[in-house]
Amino acid sequence: MMKRYFQILIIAGISLISLVGCSSGEQTTTQSSPGGNSTAETPAKTTGTTANNATPKTNFDALLGVVNSTTTDVNAGNFTKAKAEFDKFEDFWSKVEDGVKDKSPDAYKKIEDNADEIKAGLKAAKPNKEKLSTALKSLNQNLTTVNKS
């Protein structure tokens, strides 16, 4: 009789574990699904809106943000941080440079020259704060002018 009781107890325990395991799996799937769907929908809508309606403005704003942050770091004498910040410039510039080149070849050349000067200045063993500040100011003005036109 005791032997039969242990067999039933073991079978009941395994069944209980199986049911709990299945139940947890369903709950996790059910809980993840709605969250996953709403999360997946939100970025797609945001990305679509940004890509379709505001990409050039967003990229120019980001370029100006990079230039302003780099200027702040240069003025503080933190050239390592300035270089790291200015490394982001090319990512945004590559998205708008063809349009700038078509719209204003002169401004395009000035922006390219400023960017090259800043990159070289930040790579120098002893960056020249004044030269970098001047190049950053010029870059900011050129980007602002192109952005407005």
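The structure is a predicted model, in which local features need pLDDT of at least 70, side-chain atom pairs count only at pLDDT 80 or more, and totals for chains, interfaces and linings use all residues. Residues are numbered from 1 along each chain as its sequence is written, and side-chain values use heavy atoms, with hydrogens and water left out.

**Overall organisation**

- The chain has five helices and zero strands, where helices (H or I, at least four residues) and strands (E, at least two) are DSSP runs numbered from the N terminus.
- Along the sequence, the pattern reads α-α-α-α-α.
- Of the 149 residues in the chain, 23% are buried; buried means under 20% relative accessible area, exposed over 50%, and partly exposed in between (1.4 Å probe, protein chains only).
- Contact means heavy atoms within 4.5 Å. Among contacts in the chain between residues at least 6 apart in sequence, 65% join residues at least 24 apart.

**The largest nonpolar core**

- A nonpolar core is a set of buried Ala, Val, Leu, Ile, Met, Phe, Trp, Tyr and Cys residues joined through side-chain atoms within 4.5 Å.
- The largest such core holds 25 residues, and Phe86, Phe89, Trp93 and Leu143 touch the most other members.
- Two or more residues of this core come from each of α1 (2-75), α2 (79-86), α3 (89-103), α4 (105-123) and α5 (129-148).
- Not counting residues up to four places away in sequence, Trp93 touches Leu63, Val100, Tyr108, Ile111, Glu112 and Leu143.

**Packing of α4 with α5**

- Two packed helices are described by the angle between their axes and the distance between the axes. Axes are lines fitted to C-alpha atoms, for helices over the stretch in contact, and angles run from 0 to 180 degrees between N-to-C directions.
- The axes of α4 and α5 come within 9 Å and cross at roughly 150°.
- The two helices, α4 and α5, are therefore roughly antiparallel to each other; angles under 35 degrees count as roughly parallel, over 145 as roughly antiparallel, 65 to 115 as roughly perpendicular and the rest as oblique.
- The crossing of α4 past α5 is left-handed, a term used if the near helix is turned anticlockwise from the far one by less than a right angle, with right-handed used if clockwise.
- Residues of α4 that take part include Ile111, Ile118 and Leu122, and those of α5 include Leu132, Leu139 and Leu143.
- By class, the contact of α4 with α5 has 10 nonpolar, four polar and three charged residues. Ala, Val, Leu, Ile, Met, Phe, Trp, Tyr, Cys and Pro count as nonpolar, Asp, Glu, Lys and Arg as charged, and the others, Gly among them, as polar.

**Packing of α3 with α5**

- The axes of α3 and α5 lie 11 Å apart, at an angle of about 55°. This angle makes α3 oblique to α5.
- The crossing of α3 past α5 is left-handed.
- Phe89, Trp93, Val100 and Lys103 of α3 meet Leu139, Leu143 and Val146 of α5.
- The contact of α3 with α5 comprises six nonpolar, no polar and one charged residue.

**Two individual residues**

- Thr70 belongs to helix α1 and is buried, with a relative accessible area of 0%.
- Leaving aside neighbours within four places in sequence, Thr70 is in contact with Ala82, Glu85, Phe86, Leu122 and Leu136.
- Glu90 lies in helix α3 and is partly exposed, with a relative accessible area of 32%.
- With neighbours within four places in sequence left aside, Glu90 is in contact with Glu97 and Lys119.
- Glu90 and Leu63 are 27 residues apart in sequence and 8.7 Å apart in space, C-alpha to C-alpha.
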